[in-house]
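Colleague: Please show me how to read the features of this model, giving the general idea and then the case at hand.

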Amino acid sequence: MTTNEDTFFEKDELILGLKIDVDTYRGTKKGLPALIKLLNSEKIKGTFFLSIGKDNMGRNIWRIFKPKFLVKMLRNKAFKLYGFDILFRGFLWPGPDIGKILKKLLRLPTKFGQEIALHSYDHYKWQMNINKFSQEQVEKEFRKANIRWFKLFGSPPSAMGNPGWQLSEEWLRLSDSIICKDVKYRSDTRGTTCCRIKYNGLTFNKLQIPTTLPTYDEVIGRKGVTDETYNEYLLSLIEPGKLNVLTIQAEIEGIACFKMFREFVQKCKHKGIKIVPLSEIYEKFQNTGKVMNLHFQEIPGREGQLAVLKNS
Ligand SMILES: [Zn+2]
């Protein structure tokens, strides 16, 4: 086993893992095909983290009445970013079932050689309850998702990443159990390198690939970063010889910020930054002996406690 992080990349190698979260009906319908078309034309591959059940994201609307959330919504111009329909879906009318209505679109990534991973069955329910689910509930939710996944793709998921950088001992236990034997890695934390997770005195087996870079909605409007300077700012954070993983949203970079993201991809090419799916990162790091501790803490620009990896 290797423990030295430096041996995974060449010193000047510029690699960027691309994680694309697809949370909603609208993101699947509009953002996902637009991003696939772009990645195809640029000959790039990424990993699509799909939500395959009910879209109840409109339930987030109640949080608007919390002052801190309202400030964020205004800072990010949330209505422009997400669209009126996403913000109210599942709140004013019942949420549509993405995995039933948009089957063809969910199958689009694999059709074009992109990687897919399980993000959620019901994004809203999972994001809100991941830390509250008992072991039985976690298994029940996963089994439900697994059955749906099988119906859609004919095989079990080979990777997973929970919504909203949420994780718990129960989810880690599930990932190491026989039910998840086909899952090669998880990606649902913030950190700096791939590792196994140590939590509550236990070390779990499944490889974790953390997101290392901030997301658009965490950065924009802070530190003077605007839509005009965002791409340069993001590029300045990509480090040679190190793990770089960016999470984008089908709802944001695939729709409202599509042009900006297209420019980002083209700029990456010019700078020699190779964009890869997370499975390529898994191949490099699968035997790492690195173990990191899981903490829950706030990070700048995002509400609530997130799963963050630290050395101690
Ligand atoms: Zn998500």
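Modeller: Let us start with a loop residue: lysine 43 lies between α1 and β2, where helices (H or I, at least four residues) and strands (E, at least two) are DSSP runs numbered from the N terminus. The model is a predicted one, in which local features need pLDDT of at least 70 and side-chain atom pairs count only at pLDDT 80 or more, while totals for chains, interfaces and linings use all residues. Residues are numbered from 1 along each chain as its sequence is written.

Colleague: What is the phi of lysine 43, and is the residue buried or exposed?

Modeller: Most residues other than glycine have a negative phi. Lysine 43 has a positive phi of about 55 degrees although it is not a glycine, and it counts as exposed because it has 8 C-beta neighbours inside 10 Å. The terms are set as follows: with C-beta atoms placed from the backbone, a residue is buried if 20 or more others lie within 10 Å of its own, exposed if 12 or fewer, and partly exposed in between. Lysine 223, in the loop between α11 (216-219) and α12 (230-237), also has a positive phi, near 50 degrees, and is exposed with 10 other C-beta atoms within 10 Å.

Colleague: Which residues of β2 are buried?

Modeller: In a regular strand the side chains alternate between the two faces of the sheet. In β2, Thr47, Phe49 and Ser51 on one side and Phe48 and Leu50 on the other are all buried; with 5 of the 5 residues of this strand (residues 47-51) buried, β2 is therefore largely enclosed by the rest of the structure.

Colleague: How many bridges join β2 to β1, and how many to β3?

Modeller: Two strands pair if DSSP finds at least two bridges between them. Strand β1 (residues 15-22) runs parallel to β2 and is joined to it by 4 bridges, with isoleucine 20 opposite phenylalanine 48. Between these strands the chain passes through helix α1 (residues 25-41), and this β-α-β crossover is right-handed, meaning that, with the strands pointing away from the viewer, the path from the first strand over the helix to the second runs clockwise. The pairing of β2 with β3 is also in the parallel sense, over 5 bridges, and threonine 47 has glutamate 115 in β3 as its bridge partner.

Colleague: Which residues of the largest nonpolar core touch the most other members?

Modeller: A nonpolar core is a set of buried Ala, Val, Leu, Ile, Met, Phe, Trp, Tyr and Cys residues joined through C-beta atoms within 7 Å. The largest one here has 68 residues, of which Ile20, Leu50 and Ile209 touch the most other members. Leucine 50 touches Val22, Leu106, Ile116, Leu118 and His119, leaving aside residues up to four places away in sequence; a contact requires C-beta atoms, placed from the backbone, within 7 Å. Of the 312 residues of the chain, 42% count as buried.

Colleague: What should helix α9 span, and how far apart are its end C-alpha atoms?

Modeller: The expected span is 1.5 Å times one less than the number of residues. For the 19 residues of α9 (residues 135-153) this should be 27 Å, and the end C-alpha atoms are 26 Å apart, which agrees. The buried residues of α9 are Val138, Glu141, Phe142, Ala145 and Trp149. They cover an arc of only 95 degrees around the axis, which puts them on the same side of α9; the arc is taken from the directions from the helix axis to the C-beta atoms. These buried residues pack against β3 (115-120), α8 (123-129) and α10 (169-176), whereas Glu136, Lys140, Ile147, Phe150 and Lys151 are exposed on the other side.

Colleague: In what order do the strands of the open sheet with β6 stand?

Modeller: The order of its 4 strands is β7-β6-β11-β12, with mixed pairing. β7 and β12 (306-310) stand at the edges with a single partner strand each, so one side of each is left without a neighbour in the sheet. β6 (residues 196-199) pairs with β11 (residues 291-297) in the parallel sense over 3 bridges, and with β7 (residues 202-203) in the antiparallel sense over 2 bridges. Lysine 198 has bridge partners in both, asparagine 293 in β11 and threonine 203 in β7.

Notes: Two residues are in contact if their C-beta atoms, placed from the backbone, lie within 7 Å.
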